[in-house]
Number of protein chains: 2
Amino acid sequence: MHFAEPLRLQSGAQLADYTLMYETYGTLNADKSNAVLVCHALNASHHVAGVYADDPKKVGWWDNMVGPGKPLDTDRFFVIGVNNLGSCFGSTGPMHLNPATGKPYGAAFPVVTVEDWVAAQARLADVLGIACFAAVMGGSLGGMQALAWAIMYPSRLRHCVVIASTPKLTAQNIAFNDVARQAILSDPDYHGGDFYEHGVVPKNGLRVARMVGHITYLSDDDMAEKFGRKLRNAAADNAYKFDFGIDFEIESYLRYQGDKFSEYFDANTYLLITKALDYFDPARACDGDLTLALAGTEAEFFVASFSTDWRFSPERSREIVAALACNRRNVTYAEIDAPHGHDAFLLEDARYMNMVRAWYQRIWDRLKQPTREHA
Amino acid sequence: MHFAEPLRLQSGAQLADYTLMYETYGTLNADKSNAVLVCHALNASHHVAGVYADDPKKVGWWDNMVGPGKPLDTDRFFVIGVNNLGSCFGSTGPMHLNPATGKPYGAAFPVVTVEDWVAAQARLADVLGIACFAAVMGGSLGGMQALAWAIMYPSRLRHCVVIASTPKLTAQNIAFNDVARQAILSDPDYHGGDFYEHGVVPKNGLRVARMVGHITYLSDDDMAEKFGRKLRNAAADNAYKFDFGIDFEIESYLRYQGDKFSEYFDANTYLLITKALDYFDPARACDGDLTLALAGTEAEFFVASFSTDWRFSPERSREIVAALACNRRNVTYAEIDAPHGHDAFLLEDARYMNMVRAWYQRIWDRLKQPTREHA
């Protein structure tokens, strides 16, 4: 979807025009009340569920959650996945032509925030004729977008689903993001952000950035269980190599993740997304008072966290729940005992999936009987 | 001290000859029974305590612990600090000339292990005529050396002090080390380890390596308290910058630490030390049985850990204590409730310092009355 009118950003900059890549699943009902917006996290996209006919290997990133008969059932709901501005999967981003210069934006692409993404998503909803979503849902950075929706457009969502997220990053979160940024910015192939015209990609920087990020997605225990101190060549002589190559399985795994990522992800997008994460802090405008920041929300909330998530720990979700409760908002909170750290929000877990399924069943039951707000 | 006879290393390689830089404090008594060896961690050196007459700003790294009247009292004990092989503070390392080629070792410097360091330290003790140390002591990687001393030379130390250490790295520990290594190895200025002859230093890689390391030295809570989400320009307009420069205090702090480190530390040394950390695992030779690995030890142990240390958590120290207890070794264990994460072992903390002081008092009381072992 192309938008010809300019979008003014939180920074004060504006995008003259832009395109949002989106995907839909299921059917929008007659009164357009069954739409659910699913917001993506760091390296995901609009491709939330299913596969493409011509690329059956490319499964949507939340395919276990979204689809026919799944917790978010596309036989019932009309689900929308939108690739965010600044991303590298089709929506306008740093690799696209800057109309002002005729060259790729590169470093000139403006820093975008969670609120900017939400504003752009709202325009898409306008064009699709969706006045009010049945739910806006997301995990991690996606959960921040859901939260921002509830704050910015309180009457445009009846339910808000915030999973493995946080109302703001901690100093440690920001620190890890800055390590990732420094790895990219100091890669000579970054060329100040204008590497496209040099025909190179700052692969080394992206690789290190992804490696450090990946460590924070997994739990210490999960890593210990999956990899421990297993040597990669364990089948052979079980000896250390005494060089700087790969000794341990965990090294092999991380380097593989880093290599793979550096081949498809855009370095400028990575920088932009870490900044959007760092900047998100809705309580900031209210002197740090999250309760005040959430006072205008109208949605009913489902908040979930995972016990071993040390990136966005359960404590962060409890802050959201406490602030909603202080506002007498209706909120359901699930703290799920799961071993997989932050990544748990993407993984199969019967208790987690059943909670979400039950929540959408409730939404569905209500949809069939128009409520006061909805009538 | 120069050693002309070759040192065979755990890897099978050997150093033809080598020099160890060391420093001593206090006076060795007549029967040479009051010597304490202090082993250093990652970026420290032989300069444990005090200042140099010509450089009064360069205070020893454990000056709060070691000195006249301090917990390890140099009015009583003869304290030795040794710079480890492969380091960049005077002992033979990658920046020194390789006698085989006449050029700096660079990448040709052999990978050294904790056990290699201890073997080299033992030779120094031989030359100094110290048959048995009153104590061998270290924190973090230094604690690993103390532990290795107790295993390799059980009769050469009467006490072993292991602080904020671990019997082996976890997968997560190794993962962080490998991120640091990859940052250095992929810096074009690393030149495969032979950057000396190119007249450059892989500063960007070292900087990122130090930044990621530094995050693991501090606790999440401590970072939150010290930095939180404070903006660096808070005095001014309290606004985000909307670029990839510095917004937050924590970014400024980490980049400063990274910059400082990259100016004085050697990249090859950093690689070597992270490998020594990764490889340390005395239980490995005993099929993972730490109790068996410690069965031959004779020293009395003091083990300490810090509650918020998530690099080498208290659980790791408890594993050491449990294995010693199974061997009916005499062991004192202090788990200190301290907010400063792994770095706590270097910092002032009255309870911690008093515990160490009391422990050395006990050693001192015993020294005055020759024991059976010592007679």
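This note walks through how the two chains of the model meet, then looks at a few residues up close.

1. **Before you start.** This is a predicted model, so keep the ground rules in mind: local features need pLDDT of at least 70, side-chain atom pairs count only at pLDDT 80 or more, and totals for chains, interfaces and linings use all residues. Residues are numbered from 1 along each chain as its sequence is written, chains are lettered from A and ligands numbered from 1 in the order in which they are written, and side-chain values use heavy atoms, with hydrogens and water left out.

2. **Two copies.** The same surface serves both of them, since 100% of the contact residues of chain B recur in chain A.

3. **How much is buried?** Chain B gives 57 residues to the contact and chain A gives 57 residues, where contact means heavy atoms within 4.5 Å. Between them the chains bury about 4900 Å², 65% of it on carbon and sulfur atoms. Three residues, B:Arg229, B:Phe242 and B:Phe244, supply 17% of the area that chain B buries against chain A, more than any other three residues. (Buried area is the accessible area, with a 1.4 Å probe, that two parts lose on being put together, summed over both.)

4. **Polar pairs across the chains.** There are 22 residue pairs in polar contact between chain B and chain A, both residues at pLDDT 80 or more. A polar contact is a pair of N or O atoms within 3.5 Å; within protein, one must be able to donate a hydrogen and the other to accept it, and residues adjacent in sequence count only if both atoms are side-chain atoms.

5. **Which parts of chain B touch chain A?** The elements of chain B that give two or more residues to this side are α3 (171–185), α4 (203–217), α5 (220–226), α6 (249–264) and α7 (267–279). The largest share, 11 residues, comes from α3(B). Helices (H or I, at least four residues) and strands (E, at least two) are DSSP runs, numbered from the N terminus.

6. Side chains of opposite charge can pair when their charged atoms come close.

7. B:Glu251 forms a salt bridge with A:Arg181, the closest N and O atoms being 2.6 Å apart. This pair crosses from helix α6 of chain B to helix α3 of chain A. Both B:Glu251 and A:Arg181 are buried, and buried means under 20% relative accessible area, exposed over 50%, partly exposed in between (1.4 Å probe, protein chains only).

8. **Another crossing pair.** B:Lys275 forms a salt bridge with A:Glu251, with the closest N and O atoms 3.7 Å apart. Here the link runs from helix α7 of chain B to helix α6 (residues 249–264) of chain A. Both B:Lys275 and A:Glu251 are buried.

9. **A pair within chain B.** B:Glu335 and B:Arg318 meet in a salt bridge (2.9 Å, N to O). They sit 17 residues apart, B:Glu335 in strand β13 (residues 331–336) and B:Arg318 in helix α9 (residues 314–326). B:Glu335 is partly exposed at 39% relative accessibility, and B:Arg318 is partly exposed at 40%.

10. **Is B:His40 buried or exposed?** B:His40 is buried, with a relative accessible area of 2%. Look for this residue in the loop between β6 (35–39) and β7 (66–67) of chain B. A polar atom of the B:His40 side chain lies 3.1 Å from the backbone nitrogen of B:Asn84. Leaving aside neighbours within four places in sequence, B:His40 has contacts including B:Trp61, B:Leu141 and B:Gln145.

11. **A:Thr170.** This one lies in the loop between β11 (159–163) and α3 (171–185) of chain A. A:Thr170 counts as buried, at 14% relative accessibility. Apart from neighbours within four places in sequence, A:Thr170 is in contact with A:Arg316 and B:Asp220.

Key:
Salt bridge = Lys/Arg side-chain N within 4 Å of Asp/Glu carboxyl O.
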